[in-house]
Amino acid sequence: MTKDRSLTPPEQRLWRYVTQKGARPSTILPDKTTQKPPIRGGAIDPHTYQKLAAGTIAISGRVDLHGLTLEQAHIELLHYVQCAQAHGAHFVLVITGKGKPATPYLPDDHRGTLRQMVPRWLCAAPFIECVADVAAASPKHGGDGALYVRLKRV
């Protein structure tokens, strides 16, 4: 015979939500096949990352993709990366935003379409011709809502 246990507070909130709203658990629980977006090239080495975060390595420019559709953001990002590379930029900051706030029913990995898609774009054609490495930005530069991008030399 097993001993009954009480529900944890997050389980209690989920149970109340399901019973009061008539929601189906499959619409609330995260999809276990969802993976974090890839970060290219093993990311930027720790020494360089620390210098970027501290501001001792200059960020040549930044592009903010807030409020754009996926199509608009893709076009803007490609144009920006190609122009920055042509002008000799080495590191740029890409701001995607963090998406809507997390709730007990919407976990972190289901937030922000741009936040999920931009790292994937940067690892695929046509960006792969310009981009050497990608890493999540430090909290000083936007944290989860931004990326450091190292561009290839021309």
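This is a predicted model: local features need pLDDT of at least 70, side-chain atom pairs count only at pLDDT 80 or more; totals for chains, interfaces and linings use all residues.

Me: Which residues of helix α5 (residues 113–122) are buried?
Reply: Residues are numbered from 1 along each chain as its sequence is written, and side-chain values use heavy atoms, leaving out hydrogens and water. Helices are DSSP runs of H or I with at least four residues, strands runs of E with at least two, numbered from the N terminus. With buried meaning under 20% relative accessible area, exposed over 50% and partly exposed in between (1.4 Å probe, protein chains only), the buried residues of α5 are Leu114, Arg115, Val118, Pro119, Trp121 and Leu122.

Me: Why do they lie on the same side of α5?
Reply: The arc is taken from the directions from the helix axis to the C-beta atoms. They share a side because that arc around the axis is only 160°.

Me: What do the buried residues of α3 pack against?
Reply: In α3 (residues 46–54), the buried residues are Thr48, Leu52 and Ala53. They sit on the same side because their arc is only 135°, while Pro46, His47, Gln50 and Ala54 are exposed on the other side. Counting contact as heavy atoms within 4.5 Å, their packing partners are β2 and β4.

Me: How many disulfides are there?
Reply: A disulfide here is a pair of cysteine sulfur atoms within 2.5 Å. The sulfur of Cys130 is 9.7 Å from the closest cysteine sulfur, in Cys83, too far for a bond. By this rule the count is zero.
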